[in-house]
Amino acid sequence: MLDAAMAYLSSQYEKVRRLNGAKVRSEVWLVSDDAGRPAIMRIVHAGGMPFALLREHQGMATPFWPEIFFCAEDEDETIVVEEYVSGHTLEERRVARQWLTEAEARSLLAQAAAGLAALHALGIVHRDIKPAHLIGQPGGSGASGSLGSVRLIDFDAARVVAAGAAHDTHRLGTEGYAPPEQFGYGQTDGRSDIYALGVTVRELLGPDFAETSRLGRILARCTEKDPDRRYPDANALAAALQPSRKRTYLRRAAMLS
């Protein structure tokens, strides 16, 4: 048990309310510091989590995931204090049937592809991408449409890819969004997040979306059951979103490099 870490955090933060139910694996708390600034405290009853790695590389250009303020771990438990990300989850839009426009969906895919490319470069797979874990921040820089900037939260199911492993150690994720390999059929990797992202975006486009459109074909490839038939990585997905003339240029540049 990380008693010293909890004692220190208790002197720095006050628990405001618990944000998740009685989960066996983790506790998630909204907390505030002495100045009243909000943060998120996670107590995950598992070791080997990627939070320390995220903290080590949080100076990267992408703001896709929350900033990590504090991290302590042992073999059985991980305690994290991270940035409180304001905004509205895309789950709220789904429930309200406020479907994404195609421009918003492309913006979401482009932002997520850039963020996932950086995340996967660290060897980290999120494994639980869904509307409830994506927060839209209207008015954010670098995003088009009313969707604004998009942030990915809740890394409780994330893992560092183990080279050579045939299967994941723990079968985590949300049924309906997670790919088949996440439930015992193989090891997850970056393509697993691409699958979940594709399912998420397709759902957020609503029932009247034209599956035969170019965007529909992109989402269909993201959500292939066979990982080898999906985009091989987030950079390939980002390239597919580019206008046809730019895609041709990128392919030629890749062939010459």
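Predicted model: local features only at pLDDT ≥ 70, side-chain atom pairs only at ≥ 80, totals over all residues.
R18 stands opposite W29 in β2. Residues are numbered from 1 along each chain as its sequence is written, and side-chain values use heavy atoms, with hydrogens and water left out. Helices (H or I, at least four residues) and strands (E, at least two) are DSSP runs, numbered from the N terminus.

**The sheet**

- Five strands make up an open, antiparallel sheet in the order β1-β2-β3-β5-β4; two strands pair if DSSP finds at least two bridges between them.
- At the edges lie β1 (14-18) and β4 (68-73), each pairing on one side only.
- On average, neighbouring strands are turned by 25° against each other, direction ignored.

**Strand by strand**

- β1 pairs with β2 (residues 26-32) in the antiparallel sense over four bridges.
- Seven bridges link β2 and β3, again antiparallel, and S26 stands opposite V44 in β3.
- β2 and β3 form a hairpin with five residues between them, and G36 in the turn has a positive phi of about 85°.

**Helices α4 and α6**

- α4 (residues 102-121) and α6 (residues 214-222) pack at an angle of about 35°, with their axes 11 Å apart. Axes are lines fitted to C-alpha atoms, for helices over the stretch in contact, and angles run from 0 to 180 degrees between N-to-C directions.
- In α4, E102, A105, R106 and L109 meet R214, L215 and L219 of α6; contact means heavy atoms within 4.5 Å.

**The buried side of α6**

- L215, G216, I218, L219 and C222 are the buried residues of α6.
- They cover an arc of only 160° around the axis, which puts them on the same side of α6; the arc is that of the directions from the helix axis to the C-beta atoms.
- The buried residues of α6 pack against α4, α5 (190-204) and α7 (234-240).

Terms used. Buried < 20%, exposed > 50% of the residue type's maximum accessible area, 1.4 Å probe, protein only.
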